[in-house]
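Hi everyone, thanks for coming. Today I'd like to talk about aromatic rings and the charges around them, so let's bring up the structure.

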Amino acid sequence: SWPNVMGGSTVPTTGTLTGRVTDSVTGAAVVGATVTLSGGRTATTDGSGMYTIANLAPGSFTVTVTMSGYNTWSGSASITAGNTTTLNVSLVPIPTATNWARTGTATASSTSSGSSPSNAIDGSTSTFWQSSSGGTQWLTVDLGSSRSVSKVVVNWNGSNFAKAYRIETSTNGSTWTSRFSTTSGTSGTKTHTFSAVDVRYVRLYCTSANSGSYRVNEFEVWNF
């Protein structure tokens, strides 16, 4: 076939797609992401998050970007002959489940000897916080800063559980909102979920003990 020429120069018949892939939270380059076009062409982002796919026939392409730890992104790009189309993509990280209590600070209304409130957030079920008596007692965790919270797990120790208690949250440590309450509590590990809220303080507020005091092996505060 004869070359397509105009004024002595070959007329371009293909185009190029290029761009940068970044983390939507940090803005950092996402290295090693796979960029796939409808039709099967692919590219992998380099150390700067850049990718380039050349020699593309003109037309509209579906673009899919995948990377472990991120939600898949999908969009479209139009390629024209002789031109470079730039398509930058921001990938949203997939959140990981985090127990915020593990890096928080625990305080309590009272403490029995050798059973510090910190025992309830140390990640070990062999240690526990124990109140000095029953009745109204509380265990509070300061998460250090505002965190998204939607699940609280209470691991009660044996018969020293609360028959009546509330899970409460606060942004300032003084005004509290109840997220769960019961008057028929039982022993064991109890998981309480609610709509996600941004808070700094989470409190276990007990008002009626099954025995003479409360014992909590672990008090966990999760983002989901």
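Let me start with F180, which counts as partly exposed because its relative accessibility is 26%; here buried means under 20% relative accessible area, exposed means over 50%, and partly exposed is in between, with a 1.4 Å probe and protein chains only. Before I go on, this is a predicted model, where local features need pLDDT of at least 70, side-chain atom pairs count only at pLDDT 80 or more, and totals for chains, interfaces and linings use all residues. Residues are numbered from 1 along each chain as its sequence is written, and side-chain values use heavy atoms, with hydrogens and water left out.

How many aromatic pairs does a search of the whole structure find? Two, where rings of Phe, Tyr and Trp (its six-membered ring) pair if their centres lie within 6.5 Å, and planes under 30 degrees apart count as stacked, over 60 as edge-to-face and the rest as tilted. One is W156 with Y165, edge-to-face, at 5.4 Å centre to centre and 65° between the planes. Y165 also pairs with F180, and that pair is tilted, with 5.9 Å between centres and 50° between planes. This pair links distant parts of the chain: Y165 sits in strand β14 (residues 162-170) and F180 in strand β15 (residues 177-182), 15 residues apart; strands are DSSP runs of E, at least two residues, numbered from the N terminus.

Why does Y165 count as buried? Because its relative accessibility is 4%. W156 is buried too, and W156, Y165 and F180 form one aromatic cluster.

Now the charges. R203 lies over the face of W176, 4.1 Å from the ring centre, and K151 lies over the face of W222, at 5.5 Å. The criterion is NZ of Lys or CZ of Arg within 6 Å of the ring centre and within 35 degrees of the ring normal.

Methods
Helix = DSSP H or I, 4+ residues; strand = E, 2+ residues; numbered from the N terminus.
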